[in-house]
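Me: I am new to this structure and would like to learn how to read its strands and helices. Please take me through a few features.

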Amino acid sequence: MDLDPEDVFKDEEYDPDNEFFQQNEGSKEYVVYLVDASPKMFSTTCPGNDQKDETHFHSTVSCIAESLKTQIINRSYDEVAICFFNTREKKNLQDLNGVFVFNVAEREQLDRPTARLIKEFDCIEESFIREIGSQNGIVPGSRENSLYNALWVAQALLRKGSIKTADKRILLFTNEDDPFGGLQDAAKKDMTRTTLQRAKDAQDLGISIELLPLSRPDSEFNVSVFYADLIGFNGQDLAQFTQSASQKLEDMKDQLRKRMFTKRVIRKIKFHIADGLSIELNTYALIRPTVPGAITWLDSVTNHPLKIERSLICEDTGALIQERPKLFQPYRNENVKFSPDEIADIKRISPGRLCLLGFKPLSCLKDYYNLRPSTFVYPSDQEVVGSTSVFIALHRSMLQHKRFAVAFYGAASHPQLVALVAQDEVTSAGAQVEPPGMHMIYLPYSDDIRDEEEIFPDTEDDAPRADEDQIQKAAALIKRIYVKDFSTLQFANPALQRHYAVLQALALEEDDIPETVDETAPDEEGLARPAVVKSIEEFKLSVYGDNYDEESDNLGKEKAGEASRKRKAIAENAAKDYDWGKLAEKGQLNNLTVAALKNYLTANNLPVSGKKEALISRILTHMGK
């Protein structure tokens, strides 16, 4: 094959070992929403978001619907099922009474959420009593146990897949803390025993059961009556759950999002500590940038994703080449052939594991060594039994002696030294704020660090310096506009929120696009406070003086902006050569060059950074497509 030999050994831009890109089967989730549909769920009311009373059933349905809308965009590969218990009608593969599995056509009972599922589930309350019905499934004199049946059905739904490749969870919504409270002693003990055993059987299969309780206005939900034994709470866990369960009902939606947005394992690595001693670690990405999803090409008729296949055809005979092609490198007038597997072995500098080299004081670890987001590591006994015990011993010793570990991380494409910094558990009001574990910080090479003089060699004498008065005025201004308890998690990306709102409207065929609030916009009301205005004026006076003419300064900026306006005019003229609306409707924007796409973005004052897919997504968002 006629290939550039230098490209054979070039690292690919897409690195499958990179945690930014890796998203495999092991990060999937199978979730069953188990919703109590007893009459008490329809009769109990609570204040809603608009301060109007709404039933617990309505709150639960709207909560799950909002979660599915978020999931269909962010984690569409996860699979869900919706199951009601304490129902008049039954619909499940086991043909058990009092359990109704909600689903729509052309979809398995446990499958990815679809637009049709969300639309029909969002309106289910209108027809629920008429078509499905509500009744108490556990009554005196009857052997029927609807909660037992519901757990059985949910467990059967979660038989799909393996616990090694997916997380399996049951989210249980109810406002009844004692489901067997109306039974006599013997019947109550028997049903309690069988139900707890059913829950234990599910947990032994790797299925976690989580409770989202709804408190009634006249009494708090008492977890210790029954559900503490079903879920397996005891001691401190029960106290922490009781505290979180006492929160208001309007917080339940956030509670659900926290449960659904769990940290996923990026990959599993072996940590070699000494000869003959290795443990298994799970790695997690705590903070990563959020970007719009990649474009997926769909069939115009079936709307199903297209699968790309590549075939190699011989230029001489036109026949399909069955064998994998071989690459070559010219050497001394000969072509040395390499198979793709051999090329992969050559690129693999070291095995992908972590090797301990030694320890150093924490004072040796500088802040500027952290060149990229760190990775959080936590032990796992899934394949190497005893990993947790060894990790805890090492973790405690590092905290006690204030040391960090230096290790060699043999990533396939970019091996480097890393620092393992132990982090102790942080709790607040009985709840965990920071988990115990270690942060893996990627250390720089020597040529990654530059001295300031090396970067700016000629600006030492010319750089302006602030005097003491200017520093004090700036400090006073910062103190006035300081935001207490600031966190980046308080602010959503407005561009992404708009992007998701447009996608939601298109997927659910909604007439109106949901409004998005730009939380990053300046707080004009706060900046207009007299104390803040005074601090701003004092700072301007100390920096620019009494004779500062703001209009003339703006005039100078206008002259500097003439070049950018000329560039924008050129871009506007170039953008007129295309019918952008027609190209967007036919999905032909991908046929244009990057330069043409940037002309449209420049003409509409939009950012021009990013790859071609990001540019197309930005154009479609701007056009409301």
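Reply: Begin with a definition: two strands pair if DSSP finds at least two bridges between them. Note also that this is a predicted model.

Me: Which residue in β14 is the bridge partner of F359?

Reply: Strands of a sheet pair through backbone hydrogen bonds, either parallel or antiparallel. Here, F359 has A405 in β14 as its bridge partner. Strand β12 (residues 354-361) and strand β14 (residues 403-409) run antiparallel and are joined by seven bridges.

Me: In which sense do β8 and β12 pair?

Reply: Strand β8 (residues 265-274) pairs with β12 in the parallel sense, over two bridges. C355 in β12 stands opposite H272.

Me: What is the strand order in the open sheet of five strands?

Reply: The order is β5-β4-β1-β6-β7, and the pairing is mixed. At the edges are β5 (99-102) and β7 (207-213), each of which pairs on one side only. Neighbouring strands of this sheet are turned against each other by 20° on average, direction ignored. Within the sheet, β1 (residues 28-36) and β6 (residues 166-174) pair in the parallel sense over eight bridges; Y30 has K168 in β6 as its bridge partner.

Me: At what angle do the axes of α6 and α7 cross?

Reply: The axes of α6 (residues 146-157) and α7 (residues 185-204) cross at roughly 15° and come within 9 Å. Angles under 35 degrees count as roughly parallel, and α6 and α7 are therefore roughly parallel to each other. Their crossing is left-handed.

Me: Which residues of α6 meet α7?

Reply: They are L147, Y148, L151, W152 and Q155, which meet residues including T194, R198 and A202 in α7. By class, this contact of α6 with α7 has six nonpolar, three polar and two charged residues.

Note on methods
Residues are numbered from 1 along each chain as its sequence is written. This is a predicted model: local features need pLDDT of at least 70, side-chain atom pairs count only at pLDDT 80 or more; totals for chains, interfaces and linings use all residues. Side-chain values use heavy atoms; hydrogens and water are left out. Helices (H or I, at least four residues) and strands (E, at least two) are DSSP runs, numbered from the N terminus. Axes are lines fitted to C-alpha atoms, for helices over the stretch in contact, and angles run from 0 to 180 degrees between N-to-C directions. Angles under 35 degrees count as roughly parallel, over 145 as roughly antiparallel, 65 to 115 as roughly perpendicular and the rest as oblique. A crossing is left-handed if the near helix is turned anticlockwise from the far one by less than a right angle, and right-handed if clockwise. Contact means heavy atoms within 4.5 Å. Ala, Val, Leu, Ile, Met, Phe, Trp, Tyr, Cys and Pro count as nonpolar, Asp, Glu, Lys and Arg as charged, and the others, Gly among them, as polar.
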